[in-house]
Amino acid sequence: VIDNHGQFTHLEQRALRDIGVDVDIVDNTTPPEEIDADGLVLSGGPDIERVGNSREYLDLDVPVLGICLGMQLIADERGGTVGEGEYGGYADVTVEIDDETETRVWASHADEVKSVPEGFARTAHSDVCGVEAMSNTDEDLYGVQWHPEVAHTEEGEEVFENFRAICE
């Protein structure tokens, strides 16, 4: 888990450990060549200007899951757009996944992805945010606007289980 100074970073580590993943929290200033992992989670955080080397980690040829700010960073780095959300802070949100199923999540919309980069698919949306999740399976880059690591998110563990399967 790459620490982008988010308040829930330790919960991301715990959620992964709870499903049997051997995981460490790594400061986002760690040089990319020192990262040795089968996959990376880019944590949330307060500011896209404080992401350290996280942009470089996208080119390490390992799957990446961006959470909140982590997803915004992926979108920004790959040519999408990020902007201020109309809805604002943290809230319980109903998200529609792949136009098939709904789930309740704990999400922050102070900032959000406004348009996905070329090569990415929007995989979830809500009434308050057009891009709640996105993926690029060719690059193994995935992102969710919500926080799967908090108890308020109904199917958060499944997000981490699916990502673990991608990394194996």
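Residues are numbered from 1 along each chain as its sequence is written. In this predicted model, local features need pLDDT of at least 70 and side-chain atom pairs count only at pLDDT 80 or more, while totals for chains, interfaces and linings use all residues, and side-chain values use heavy atoms, with hydrogens and water left out.

**Exercise 1. Salt bridges across the chain**

Task: State how many salt bridges the structure holds, and determine where arginine 78 and aspartate 59 lie.

Solution: 
1. The criterion is a side-chain nitrogen of Lys or Arg within 4 Å of a carboxyl oxygen of Asp or Glu. The structure holds eight such salt bridges.
2. One of them joins arginine 78 to aspartate 59, with the closest N and O atoms 3.1 Å apart.
3. This pair links distant parts of the chain, 19 residues apart: arginine 78 is in the loop between α3 (69–77) and β5 (81–97), and aspartate 59 is in the loop between α2 (54–57) and β4 (64–67). Helices (H or I, at least four residues) and strands (E, at least two) are DSSP runs, numbered from the N terminus.
4. For accessibility, buried means under 20% relative accessible area, exposed over 50%, and partly exposed in between (1.4 Å probe, protein chains only). Aspartate 59, at 54%, is exposed.

**Exercise 2. A strand pair and a helix pair**

Task: Locate the salt bridge of arginine 104 with aspartate 92 and that of arginine 164 with glutamate 161.

Solution: 
1. The side chains of arginine 104 and aspartate 92 form a salt bridge at 2.6 Å, N to O.
2. Arginine 104 belongs to strand β6 (residues 101–115) and aspartate 92 to strand β5, so this pair ties together parts 12 residues apart in sequence.
3. Arginine 104 is partly exposed at 29%, and aspartate 92 is partly exposed at 39%.
4. Arginine 164 pairs with glutamate 161, and their closest N and O atoms are 2.6 Å apart.
5. Both residues are in helix α4 (residues 156–167), three residues apart, which means a separation of about one helical turn.
6. An α-helix has 3.6 residues a turn, so residues three or four places apart point the same way.
7. Arginine 164 is partly exposed at 25%, as is glutamate 161 at 27%.

**Exercise 3. Helix α3 and the cysteines**

Task: Decide whether α3 is mostly covered or mostly open, and find the state of cysteine 68 and cysteine 129.

Solution: 
1. Seven of the nine residues of α3 are buried, so this helix is mostly covered.
2. The buried residues are Leu69, Gly70, Met71, Gln72, Leu73, Ile74 and Ala75.
3. Just after α3, glycine 79 has a positive phi of about 100 degrees.
4. With a disulfide taken as a pair of cysteine sulfur atoms within 2.5 Å, the whole structure contains zero disulfides.
5. Cysteine 68 is in no disulfide, and the nearest cysteine sulfur, that of cysteine 129, is 9.7 Å away.
6. Cysteine 68 is buried at 7%, and cysteine 129 is buried at 2%.
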